[in-house]
Amino acid sequence: MEIKVIVDDIARVKAGAIIVSFFEGMKGLDNDIASIDTAFEGAISRLISRGEIKGKLGEITIIHSLGRLAADHVVIMGMGKKEELTLDKVRGAVAETCRHLKKKRVDDIATIAHGAGILDITLEGSARAITEGVLLGLYSFRKHITKDDEYIKVKKLTIVGSKEADVYLLGQGCHKGKILAEAANMARDMVNEPANYMTPSDMAGVAKKIAKEHSLELTILERQGMQELGMGALLGVAQGSCQPPKFIVLNYKGRDTDEIDLALVGKGVTFDSGGLSLKSQNKMDEMKEDMSGGAAVMAAISAIAHLKIKINVTVIVPAVENLPSGSALKPGDVLKSMIGKTIEIISTDAEGRLILADALGYANKIKARFIVDVATLTGACKVALGDVCTGVMGNNQELVDKVVVAGAQAGELMWQMPMYDEYKEQNKSNIADIKNVGDRGAAPITAAQFLAEFVGDTPWVHLDIGGTSFGNKERKYLVKGATGVPVRTLVNLVLAIPSQT
Ligand code: BES
Ligand code: ZN
Ligand code: ZN
């Protein structure tokens, strides 16, 4: 899609549709609507006074211009109460409106910079939110649909500024929004891809492409390299599948030292059948999403590199398939992790924490200053928080707070769960240093407590995206399937972590 910024009076712009906004309870019309209202001889004011246009968030009113304007349609987008406006509401409303227009086969959309100048919303912030909303909201994964003639794509989005001085800031916002949304969509593509098209080797292939595009340093450890490092936990999960595991390490240097400011670790289970602790058939197909964490951190580093942020970031993705077979890991087995801790396997379906144990051990070994891991770690997190919030846990409150704020800015909601020592009891094993499953209660927390054993003292945050990585309905800028959470949060976080220069 082509996205551009121009300066004009929105009422004069030629497009399939122009989008203006109206706030709930507003008396009188803003300039943008006022000139459109004049062209319609006061029809919009009448719709407002009759209560047909209320300005509620989510309200979409489409009026055919029938030749009164250069544009074919005018959309009046309800934005809720002005004093409650947020960038996420702009992002969501624009996404829903554009999806609606697409269904009406409109492929050329122009819009004002919604919300700019209201509360703390800047021109740049508005343009960024609009761009993200459009690109995320119109995303669809159609690669495997062979008959696609009916499908309409929105070809052009124009953000209309009211004066020449606005162009630079609107352009900046557009640029950032595009990089962030395209990164999230890249993660979505990887996650939506069926597991037979997104094996550990395919993930390594994507890493190669990212490395080439942004000149990143790439290391891919094969089974033998993992053996040499003693990654017994990761290898234990991989041993049931014919697909060879890949340990992917991508390095971005935004500043001139070898110090690693942040390690982003992502769970890369390309299919989680549960292994011998086999999952039920119910929605097992969705377990292709179990590499969402890996996809998110890979997409995030591509955006970080694209934005040339002055920070050093290393992405670590242990990529494996979790399958039952004659060579598979068995409940009751004991594995030795890279850091030397032994793990008793209670369930082979708690495989995420096993591969992360070695990936976190590796992040520690390379002396990252901060570690954030992202994983579809527990179904229980989905039960607790639904598909609305990502579960956040960690060993450093300052870093947890930074992640939560970065998430709020992205509209990716986070909720912290407690890490009291009392929960650790559940992970005690009689025959090894730790076991991989606790009791039924507090599963996201005991899973995080397990991970904590492998990060040492490094400030670390764990994001359980078990509930937020994949969805079955459209909501705001989320569509069915992969969500791309928390790619934009991670980039915001990187912007908030000062490098030590
Ligand atoms: N990948 C799953 C968690 C999951 C389930 C994510 C559903 C998203 C949707 C993970 O590997 C798993 O199976 N976890 C088990 C842990 C249990 C055995 C302690 C779970 O959540 O049931
Ligand atoms: Zn599992
Ligand atoms: Zn899993």
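1. Setting aside residues within four places in sequence, Leu 264 is in contact with Val 297, Ala 300, Ile 304, Val 313, Thr 314, Val 315, Ile 316, Val 372 and Leu 490. The model is predicted, and these contacts should be read as computed from it.

2. Leu 264 belongs to the largest nonpolar core, which has 115 residues. Together with Ile 36, Met 298 and Ile 304, Leu 264 is listed as having the most contacts inside that core. Another core, of 48 residues, lies apart from it; among its members are Ala 363, Ala 375, Leu 377 and Met 419.

3. Helix α12 (residues 397-410) and helix α14 (residues 487-496) have axes that come within 8 Å and cross at roughly 125 degrees. This angle makes α12 oblique to α14. The crossing of the two helices is right-handed.

4. On the α12 side, the contact is made by Lys 402, Val 403, Ala 406, Gly 407, Gln 409 and Ala 410. On the α14 side, Arg 488, Thr 489, Asn 492, Leu 493 and Ala 496 take part. By class, the contact comprises 5 nonpolar, 4 polar and 2 charged residues.

5. Is Arg 488 buried or exposed? Arg 488, in helix α14, has a relative accessible area of 3% and is therefore buried, the cut-off being under 20%. Not counting residues up to four places away in sequence, Arg 488 touches Arg 91, Glu 132, Leu 136, Leu 180, Ala 410, Glu 412 and Tyr 477. Of these, Ala 410 is one of the α12 residues in the contact with α14.

Definitions and conventions: Residues are numbered from 1 along each chain as its sequence is written. Chains are lettered from A and ligands numbered from 1 in the order in which they are written. This is a predicted model: local features need pLDDT of at least 70, side-chain atom pairs count only at pLDDT 80 or more; totals for chains, interfaces and linings use all residues. Side-chain values use heavy atoms; hydrogens and water are left out. Axes are lines fitted to C-alpha atoms, for helices over the stretch in contact, and angles run from 0 to 180 degrees between N-to-C directions. Helices (H or I, at least four residues) and strands (E, at least two) are DSSP runs, numbered from the N terminus. Angles under 35 degrees count as roughly parallel, over 145 as roughly antiparallel, 65 to 115 as roughly perpendicular and the rest as oblique. A crossing is left-handed if the near helix is turned anticlockwise from the far one by less than a right angle, and right-handed if clockwise. Contact means heavy atoms within 4.5 Å. Ala, Val, Leu, Ile, Met, Phe, Trp, Tyr, Cys and Pro count as nonpolar, Asp, Glu, Lys and Arg as charged, and the others, Gly among them, as polar. A nonpolar core is a set of buried Ala, Val, Leu, Ile, Met, Phe, Trp, Tyr and Cys residues joined through side-chain atoms within 4.5 Å. Buried means under 20% relative accessible area, exposed over 50%, partly exposed in between (1.4 Å probe, protein chains only).
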